[in-house]
Each structure stands twice: as C-alpha cells, then as structure tokens.
Amino acid sequence: MRQTLYVINPNSSEAVTAGIDAAMAPLRRPDGPRIECVTLADGPPGVQSQHDVDRAALSVQRFAQEHRGDAAGFVTACFSDPGLHMLREMKGPLSFGISECAALTAMTLGQRFGVIAILQGSIGRHWRSWGAMGITQRVAGEVAIGRAVTELSDQAATLASMIDAGRRLRDEHGANVLVMGCAGMAPFRVPLQDATGLPVVEPTQAAVSMALGRIQLGW
C-alpha cells in the first residue's frame, strides 16, 4: 500500500507544484500510498496553448515510463489532461486527469457546473473535452480571469478575479457548482467557496480522491 501516487505538474513552475502539494494535505494518510507532487522541469512555464499541451503530453509520458516500477498511479495535474490517454495505454499503474475527474466530481455536487478558466484561449479546449465526455448539457459556462499561469502568484489579484468570475457563473450562467480550471488555482478553493456560497471543486484534489479510492478498493 506504500507505493507512490505521483501527481505530475507538467509545467516548470515550482510555485504551482507547492500549491498542489499543500492541497494534498487532507488526503495523506500514514497507511495510504505516498502522494508525491513533482515538477517537470522541461515543461513550459504554463500549459496554455495546444502546442503546450502536446509538448507536455510527451514529458508526462516519459516521466511515467521512468517511474512506473514504484507507481500506484499517476495524476496529470493540468486542466488539459496532457498525456492522459497515452498513460492509459500503459499496463499497471492507474492514470487520472484532473479535468475529467473535476467534471465528474462536480456533477455529483450539482446539476450544472461553471468553470473558471485562466485565459480565454483555454475555453475552446475545455469545451472539446466536455463534448468528448458527452456532458455539455451539464456545463453552465466558462469565464476566464485573463491571467497566465505565471501571474497566479499575485494571490490578492488572482483571488479577486476568481471571485468575480465565480459570481458571474452563479448569477449570469446559473452554475450551482464551480470548478477551478487550472491546477495553479489550488490555494484559492476555500476563500472562493466562502465568497460565492457555492461548492468549489479543486481538480487535483478531485483526481487524487478518486485515485485513492480505486487503490484502496483494488479497482
């Protein structure tokens, strides 16, 4: 049971990884798998374009191949789920993408969820994922905060933008659950939930929760 569940940040930001790692604290148990959050140093500063996604997918796959021997599973901690389907072709360790898991979790918390994206250009990719999953009717909408991954470190400005986006999704789009559309938003779940009065899904927590359940049950 002490095999490692690797949570892979495919961008090169150690600050993003630190935020993800802190969000894992409630999920760590002495008798559970070790949860290790790692940064792919060869990744882009932020996975923001399709080019970034495709580049990150190869890095994620390479990391997984190198660590599959001691892995209970892999979580791709980027909202575009880069490399997820390549990982699922590997035999053995479980593989999870945070976007897919966040959406599935959100649908257990309310009828329609809204996504807070980082950039407007990300939204089209997200809608392709919702279409592939067959859940577009459960998506209330998406609102971008207009901040690149590298700009999320300005916590006060980022949180203010996220609260504004969350309230718009609630009041204008009819969302009754919010999903944070970037792993770099991990530190803001609780204050965002308090400010909007809606349940907020932090996608890496959603994916790791699912992974731990699967590992415990042997699925």
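Two strands are said to pair if DSSP finds at least two bridges between them. Helices (H or I, at least four residues) and strands (E, at least two) are DSSP runs, numbered from the N terminus. By this rule, strand 5 and strand 6 pair in the parallel sense over 5 bridges.

The model described here is predicted: local features need pLDDT of at least 70, side-chain atom pairs count only at pLDDT 80 or more, and totals for chains, interfaces and linings use all residues. Residues are numbered from 1 along each chain as its sequence is written, and side-chain values use heavy atoms, with hydrogens and water left out.

Contact here means heavy atoms within 4.5 Å.

Strand 5, helix 5 and strand 6 together make a right-handed β-α-β unit. A crossover is right-handed if, with the strands pointing away from the viewer, the path from the first strand over the helix to the second runs clockwise. Within the pairing of strands, Ile-116 stands opposite Val-143 in strand 6, and Gly-114 has Leu-178 in strand 7 as its bridge partner.

| Pair | Bridges |
|---|---|
| Strand 5 and strand 6 | 5 bridges |
| Strand 5 (residues 113–117) and strand 7 (residues 177–180) | 4 bridges |
| Strand 3 (residues 71–76) and strand 4 | 4 bridges |

**Buried and exposed residues**

A residue is buried under 20% relative accessible area, exposed over 50%, and partly exposed in between (1.4 Å probe, protein chains only). Strand 6 is mostly covered, with 5 of its 6 residues buried. In strand 4 (residues 94–97), Leu-94 and Phe-96 point one way, Ser-95 and Gly-97 point the other way, and all are buried. Gly-97 of strand 4 has Thr-76 opposite.

In helix 1 (residues 14–23), the buried residues are Val-16, Thr-17, Gly-19, Ile-20 and Ala-23. Seen down the axis of helix 1, they fall within an arc of 160 degrees, so they line one face of the helix; the arc is that of the directions from the helix axis to the C-beta atoms. Strand 1 (4–9), strand 2 (34–39) and helix 8 (203–217) are among the elements that cover these buried residues. The face turned away from the buried side carries the exposed residues Glu-14, Ala-15 and Ala-22. Glu-14 counts as exposed because its relative accessibility is 56%.

**The nonpolar cores**

A nonpolar core is a set of buried Ala, Val, Leu, Ile, Met, Phe, Trp, Tyr and Cys residues joined through side-chain atoms within 4.5 Å. The largest such core has 58 residues, and Phe-113, Met-185 and Val-208 have the most contacts inside it. Leaving aside neighbours within four places in sequence, Val-208 is in contact with Leu-5, Val-7, Met-24, Leu-27, Ile-35 and Val-75. A second, separate core has 11 residues, including Ile-8, Val-60, Ala-71 and Leu-87.
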